[in-house]
Amino acid sequence: LQRGDYDKVASAAEQLLQRCPTFAPALNNRSEAWFRLGRIDLAIADVRRVLEFDANNFHALSNLARYLFLAGRSEEAVETARRLTDCKSTSPDLYVKQAEALVFLADWPCVLNALHQAESRDDLAHGADGGLLYHLAGVAAAELGQLDVARKHWKRAVKLGLVSSWAKHNLDDLRLPIGEQNGPWAYPIDYWIPRPVFDRLIAGMEQAGPKAKDADVRRRVRRFLGQHPYIERILPHLLELGDPIAKEFVVRLASLAETPSFFAALRDFAFGRRGPDRLRHQAAMVLVEAGQLASGRQRLWCEGELRELALMRYEITPEPLHALPKEIERLAQKARDAIRSQDGELAESLLVEAMQQRPDDPSLQYNRAVAILLQGREKEAMSLVRDIHARYPDYLFARVRLAEDAVKRRDFDAARSLLDPLMERNRFHQSEFAAMCNANIELLAARGDKDGARIWFDMWQRTDSNDPRAKQWNSRLDKRGFLGRFFAE
């Protein structure tokens, strides 16, 4: 079981049960193996078998309460948990098993009571199991608003080991600004959804490939959810009680599945206070893009306050928004190729020729400014950009370049005033949207708002994951967890 050889657990347990059909540890451990293989039905059957000959086996009761909860059978889970809290035993493991199950049910007072009962006994396990109990008590205290008590319990858990990394992550989370906090969590995501189940999903996505059509992706995701129906039932709990990876997983999967249960869970999450601002904003954008939430301004929690935020649904197109006559477009394309090759002198000569036929086109004028900049004539180039913006305030690239220049000068208010009007547009060429995303990321990163920068990066990734600038930002912004391969699709 510890090595993850779950099929071998079933075989070894069967050999033990042939010699002793009422050997509870074999059934309890096999039940956990079945759960980690995604077979909750078989897991429940094994622990019920234990309870038939040992009604007060607290290991079986703890496991059963958890399995029933994850299977969406909440009333049965609560009744099983009541039997668990009524159990009497001389084993110090009783209180750990009580807390393990009660955390899933969010029965925080009873979790703290389990620690109190354990501490009142001289034989409390102060080792690995004691560390887990203190960690779970820390989560319970934090959920009840007792942050000083939570810190004390988590610090004790760090010293006792086993789950010290879980406790440390929770302590670190409390030190973050309120808009970046995930919130207390007891278990990593693979305690909710076993790793082999994730592997099946990732394998299905990899088979589809990066160029798969949206309909094919949705079909594969929905097929996976049909094979593991309990996942949809625990979505609200993952968003409320899950670790950072669990929350990321639900939001990302929701954008692919597009089912009513996902949308309902995302709506509650987006308009709630749990989780980082960036991820709740992303959840809201998934709803907007799916037509489940009106585009425009919505009141969301941000940095601990309710604020009006713009949730815009953008149409991104590869088609040119402003066509040039064929001969002028030929010269403009040669100039753009020269710019990409860093040949500013050639690009400028081509653009001057094109401007003789179309002197009032802002795109030709702006590209000439870029060509001049490549030749090291920065003051002249920026003077041209300012002139273009003054004459054509709706021309995006000049506005964005001035905003980027303001960021370099640390004039963040000027940069924001230049970029904000662009939020009211709803249609962009791919290159325009990339430029707007890059400028917003530069501004937010310079201000130290990494979560805000990640919001824009996520939008950029959804429209064009191959832009070299986006790839550079990916290396500068925080990476995701062990589901990175999946989120990168």
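The structure is a predicted model, in which local features need pLDDT of at least 70 and side-chain atom pairs count only at pLDDT 80 or more, while totals for chains, interfaces and linings use all residues. Residues are numbered from 1 along each chain as its sequence is written, and side-chain values use heavy atoms, with hydrogens and water left out.

**Overall architecture**

- The protein has 27 helices and 4 strands; helices (H or I, at least four residues) and strands (E, at least two) are DSSP runs, numbered from the N terminus.
- Taken along the principal axes, the box filled by the C-alpha atoms is roughly 95 × 45 × 35 Å.
- Of the 489 residues, 50% count as buried; buried means under 20% relative accessible area, exposed over 50%, and partly exposed in between, with a 1.4 Å probe and protein chains only.
- Among contacts (heavy atoms within 4.5 Å) between residues at least 6 apart in sequence, 59% join residues at least 24 apart.

**Surface and charge**

- The protein exposes about 23700 Å², of which carbon and sulfur atoms supply 48%; the areas come from the Shrake-Rupley method with a 1.4 Å probe, and for residues only the protein chains shown count as cover.
- There are 72 positive and 70 negative side chains, where Lys and Arg count as positive, Asp and Glu as negative, and His and the chain ends are not counted.
- The centres of the two charge sets lie 2 Å apart, each charge being placed at NZ of Lys, CZ of Arg, CG of Asp or CD of Glu.

**Helix α24 and the cysteines**

- Helix α24 covers residues 430-446 and has 17 residues.
- From its first C-alpha to its last, α24 reaches 24 Å, close to the 24 Å expected at 1.5 Å a residue; the expected span is 1.5 Å times one less than the number of residues.
- α24 is mostly covered, with 12 of its 17 residues buried, including Phe433, Met436, Cys437, Ile441 and Leu444.
- The structure holds 0 disulfides, a disulfide being a pair of cysteine sulfur atoms within 2.5 Å.
- Cys437 is in no disulfide, and the nearest cysteine sulfur, that of Cys302, is 18 Å away.
- Cys437 counts as buried because its relative accessible area is 0%, whereas Cys20 counts as partly exposed because its relative accessibility is 32%.

**Positive phi in loops**

- Most residues other than glycine have a negative phi.
- Glu258, not a glycine, has a positive phi of about 50° and lies in the loop between α15 (244-257) and α16 (260-270).
- Glu258 counts as partly exposed, at 30% relative accessibility.
- Glu303 also has a positive phi, near 55°, and its place is in the loop between β1 (296-302) and β2 (305-311).
- Glu303 counts as partly exposed, at 45% relative accessibility.

- Asn367 lies in helix α20 (residues 362-374) and is buried, with a relative accessible area of 16%.
- Not counting residues up to four places away in sequence, Asn367 touches Arg336, Ile339 and Leu351.
- Ala406 lies in helix α22 (residues 396-408) and is buried, with a relative accessible area of 1%.
- Leaving aside neighbours within four places in sequence, Ala406 is in contact with Asp411, Ala414 and Ala415.
- The C-alpha atoms of Ala406 and Ser261 are separated by 44 Å, the two residues being 145 residues apart along the chain.
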